[in-house]
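Dear colleague,

I am passing on to you the structure below, together with a short account of the findings. Please read the two side by side.

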Amino acid sequence: MYWLIRHGAKALNNAINIGTYPLQQQFKELTNTIKQLNGNFEEQHKNLKN
């Protein structure tokens, strides 16, 4: 019985991971884009100071 519950939970977890994978990728891309924008703003700010 314990094995069955454990196995079911693992299968459900895998299904959730597969279902949310595209969303996880979009968040990674969004995070990278934000990091790039922050870098660009910092560079522009330095240029304005000079």
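Is Thr 20 buried, partly exposed or exposed? This is a predicted model, and in it Thr 20 has a relative accessible area of 29%. Because buried means under 20% and exposed means over 50%, Thr 20 counts as partly exposed.

Thr 20 belongs to helix α1. The C-alpha trace spans about 70 × 15 × 5 Å along its principal axes.

Helix α1 runs over residues 2–49. Its 48 residues reach 65 Å from first C-alpha to last, which is close to the 70 Å expected at 1.5 Å a residue. At Tyr 21, α1 bends by about 45°, and Pro 22 follows within four residues. Thr 20 and Thr 31 lie 11 residues apart in sequence, with 16 Å between their C-alpha atoms.

As for the surface, 0% of the 50 residues of the chain count as buried. The chain exposes about 5,100 Å², of which carbon and sulfur atoms supply 61%. Met 1, Trp 3, Leu 4 and Ile 5 form a nonpolar surface patch, with about 550 Å² of accessible area together.

With kind regards

Note on methods
Residues are numbered from 1 along each chain as its sequence is written. This is a predicted model: local features need pLDDT of at least 70, side-chain atom pairs count only at pLDDT 80 or more; totals for chains, interfaces and linings use all residues. Side-chain values use heavy atoms; hydrogens and water are left out. Patches are made of residues with over 30% relative accessible area and no salt bridge: like charges are joined within 9 Å, nonpolar side chains (Val, Leu, Ile, Met, Phe, Trp, Tyr) within 5 Å. Accessible areas come from the Shrake-Rupley method with a 1.4 Å probe; for residues, only the protein chains shown count as cover. A salt bridge is a side-chain nitrogen of Lys or Arg within 4 Å of a carboxyl oxygen of Asp or Glu. Helices (H or I, at least four residues) and strands (E, at least two) are DSSP runs, numbered from the N terminus. The expected span of a helix is 1.5 Å times one less than its number of residues. The bend at a residue is the angle between axes fitted to the seven residues ending there and the seven starting there. Buried means under 20% relative accessible area, exposed over 50%, partly exposed in between (1.4 Å probe, protein chains only).
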